[in-house]
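Have the sequence and the 3D view ready.

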Amino acid sequence: MRKAECTACGAPASVVRGSYPFTECGLRNVVLQGVEIARCSRCGNDDVVIPRLNDLMRTLAFAVVSQPYRLQGEDVRFLRKYLNMTQAQLAELLDIHKTNLSKWENNEDRIGEQSDRLIRAVAVALGEGLNGKMEQVIRSFPRIQKSKKRPGLEMDPKSLSFSFA
């Protein structure tokens, strides 16, 4: 077993492979599978090693826009941040007031079907490395379910693959 140093307390930590709830991305229910985790037995801190983070975030953005479920507030916020836009900038592109966007991002107002599709299309068109997937995403629009119930998203950072669990 490999050893590392805990970033929280400096004690020796054991490196193991496992699953990691990737809450730092801003989305609930995203779990990274098979990542290295440095676990400290002294303070209980877990330091995860995420390889190819930019590629992983691109794959996560693609997973969000291609999910067969209606977008929720956290999805819109994630995509906006992935595009490196302010609420005012994205609202202007969508031709809505930024308070509407804020309400969507905070789940205070329901995102309409056409707005959902427009947000996905904008994210794919402007998202770094996603433009080549425009046709695939748009052809998936008829499969978007109206259900609010959503599964978790499991990602393999090594192979940059994902599945809805």
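Strands (E, at least two residues) and helices (H or I, at least four) are DSSP runs, numbered from the N terminus. This is a predicted model, where local features need pLDDT of at least 70, side-chain atom pairs count only at pLDDT 80 or more, and totals for chains, interfaces and linings use all residues. Residues are numbered from 1 along each chain as its sequence is written, and side-chain values use heavy atoms, leaving out hydrogens and water.

**Strand partners** (two strands pair if DSSP finds at least two bridges between them)
- Strand 3 (residues 30-40) runs parallel to strand 5, with three bridges, and Leu 32 has Met 155 as its bridge partner.
- Strand 6 (residues 161-164) pairs with strand 5 in the antiparallel sense over four bridges, and Phe 164 is the bridge partner of Leu 153.

**Nonpolar cores** (sets of buried Ala, Val, Leu, Ile, Met, Phe, Trp, Tyr and Cys residues joined through side-chain atoms within 4.5 Å; buried means under 20% relative accessible area, with a 1.4 Å probe and protein chains only)
- The largest core has 39 residues, and Val 30 and Phe 22 are among those touching the most other members.
- Strand 3 and strand 5 are among the elements that each supply at least two residues of this core, and helix 1 gives the largest share, seven residues.
- A second, separate core of six residues includes Ala 13 and Cys 40.

Note on methods:
Buried < 20%, exposed > 50% of the residue type's maximum accessible area, 1.4 Å probe, protein only.
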